[in-house]
Amino acid sequence: MSKENIKSGILGLVVGDALGVPHEFNPRVHFDENPVTDMVGYGTYNLPPGTWSDDSSLTLATLDSLANGLDYNDIMEKFLSWYEDGKYTPYGNVFDIGRTTYRAIFNFNIDKDACIDGCDGEKDNGNGSLMRILPIAFFIYYLKEKLSISKKEEFSIIHNVSALTHAHKRSKLGCGIYVKIAIEILKYKDDNKNSLIGKEKESLESLIDKGIESAKEYYFNDNDFKHQKEHYIVIFNHDVKNLERADIRGSGYVVRSLIASIWCLLHTNSYKEAVLEAVNLGEDTDTTAAIVGGIAGLYYGIDDIPKEWLAKIAKLDYIEELITNFNNYCDDYD
């Protein structure tokens with residue numbers, strides 16, 4: 001069934017986000033001297049432990065919309081409900097929003113056309129679409145055959161969902177790599193769920209490499225992205241693991257954010273290790289940990305997410321309800 005994978009991925013993202021929220025904007029040196037080892041509260045936003053941010057809110061809004069099919073305007077309507085009414089938030093109010101996401105929602109509120117409201121300037125390459133793109137991996141993977149989604153259409157869907165806010169090709173490409181990594185993990189988990197006994201577990205590194213190769217096959221044959229793939233060359237060349245920690249930044253820039261996330265996944269061996277590594281990079285701590293947490297949750301599974309962290313997550317029942325609704329939509333096509 002799809003629910004276990006959807007749950008481990010979404011909750012992995014939310015827990016990573018909540019782990020990083022109290023520490024956002026602190027520099028690397030702060031964590032070198034005072035490393036984060038557990039989920040705490042207050043800090044940057046003075047909010048209780050288990051508080052998640054816009055990363056999770058926009059992910060949940062996307063998941064909720066996809067539970068009724070793919071409708072770009074509906075996704076943006078749900079983003080608008082988040083911003084204006086506090087829907088998909090822990091406590092009914094928005095306390096964090098990126099500049100590009102704000103501008104896209106503002107534009108949509110005026111003309112109600114999701115396909116033209118995203119921002120595509122050079123400075124619109126923050127990680128605001130990368131942090132919320134994970135539900136599209138589930139949508140494509142579980143509904144690809146049932147909805148006859150071709151490989152070209154897969155990337156078109158990924159790019160269109162990124163472009164709702166972040167329409168620059170560089171942001172779209174980063175989302176494409178991330179979704180393809182997630183899909184490779186989903187394939188592996190489903191192919192082996194009943195036959196792991198006696199088999200060597202495939203490494204996360206191997207699955208990340210497969211996802212990168214799948215994305216590379218597409219982007220290296222699409223001239224629309226010929227000037228953007230060079231920004232991700234360290235990923236396409238499978239060189240991220242060889243980078244030193246000093247070369248990695250938990251920055252809000254989409255390229256650095258994706259590189260940092262892959263680096264954390266390749267240099268750790270559990271969900272807990274991965275998201276703590278992400279937070280301790282500093283800067284955009286909640287988003288790096290959310291991006292890492294989605295993939296780590298998928299690969300290591302729900303049982304590897306610390307139970308004491310899950311117990312602190314605000315509105316956990318509500319999050320699980322949204323997961324169940326989306327899962328039911330997928331199952332309706334079985």
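Guide: In this predicted model, Ser 148 is placed in the loop that joins α6 (134-143) to α7 (151-163). Its phi is near 55 degrees, a positive value in a residue that is not glycine. Ser 148 counts as exposed, because its relative accessibility is 59% and the limit for that class is over 50%.

The crossing of α6 and α8 is right-handed. On the α6 side, the contact is made by Leu 134, Ala 137, Phe 138, Ile 140, Tyr 141 and Tyr 142. On the α8 side, Tyr 178, Val 179, Ala 182, Ile 183, Leu 186, Lys 187 and Asp 190 take part. Sorted by class, the residues where α6 meets α8 comprise eleven nonpolar, no polar and two charged.

Helix α8 (residues 169-192) also packs with helix α9 (residues 204-219): their axes come within 8 Å and cross at roughly 130 degrees. α8 and α9 are therefore oblique to each other, and their crossing is right-handed. From α8, the contributors are Lys 172, Leu 173, Gly 176, Ile 177, Lys 180, Ile 181, Glu 184, Ile 185 and Tyr 188. From α9, they are Leu 204, Leu 207, Ile 208, Lys 210, Gly 211, Ile 212, Ser 214, Ala 215 and Tyr 219. The contact of α8 with α9 divides into eleven nonpolar, three polar and four charged residues.

Lys 189 belongs to helix α8 as well. Apart from neighbours within four places in sequence, Lys 189 is in contact with Asn 5, Leu 298, Tyr 299 and Gly 301. Between the C-alpha atoms of Lys 189 and Asn 109 there are 40 Å, for a separation of 80 residues along the chain.

Lys 315 lies in the loop between α14 (307-310) and α15 (316-331). Its phi is near 55 degrees, again a positive value in a residue other than glycine. Lys 315 is partly exposed, with a relative accessible area of 36%.

Asn 280 is another loop residue, situated between α12 (271-279) and α13 (285-300). Asn 280 counts as buried because its relative accessibility is 10%, and the limit for burial is under 20%. Leaving out residues up to four places away in sequence, Asn 280 touches Arg 28, Phe 31, Pro 35, Val 36 and Arg 245.

The cysteines complete the account. The number of disulfides is zero, where a disulfide would require two cysteine sulfur atoms within 2.5 Å. For Cys 115, the closest cysteine sulfur is that of Cys 119, which at 14 Å is too far for a bond. Cys 119 is likewise in no disulfide, and its nearest cysteine sulfur, in Cys 175, is 14 Å away. As to accessibility, Cys 115 is exposed, with a relative accessible area of 62%, whereas Cys 119 is buried, with a value of 3%.

Terms used:
Residues are numbered from 1 along each chain as its sequence is written. This is a predicted model: local features need pLDDT of at least 70, side-chain atom pairs count only at pLDDT 80 or more; totals for chains, interfaces and linings use all residues. Side-chain values use heavy atoms; hydrogens and water are left out. Buried means under 20% relative accessible area, exposed over 50%, partly exposed in between (1.4 Å probe, protein chains only). Helices (H or I, at least four residues) and strands (E, at least two) are DSSP runs, numbered from the N terminus. Axes are lines fitted to C-alpha atoms, for helices over the stretch in contact, and angles run from 0 to 180 degrees between N-to-C directions. Angles under 35 degrees count as roughly parallel, over 145 as roughly antiparallel, 65 to 115 as roughly perpendicular and the rest as oblique. A crossing is left-handed if the near helix is turned anticlockwise from the far one by less than a right angle, and right-handed if clockwise. Contact means heavy atoms within 4.5 Å. Ala, Val, Leu, Ile, Met, Phe, Trp, Tyr, Cys and Pro count as nonpolar, Asp, Glu, Lys and Arg as charged, and the others, Gly among them, as polar.
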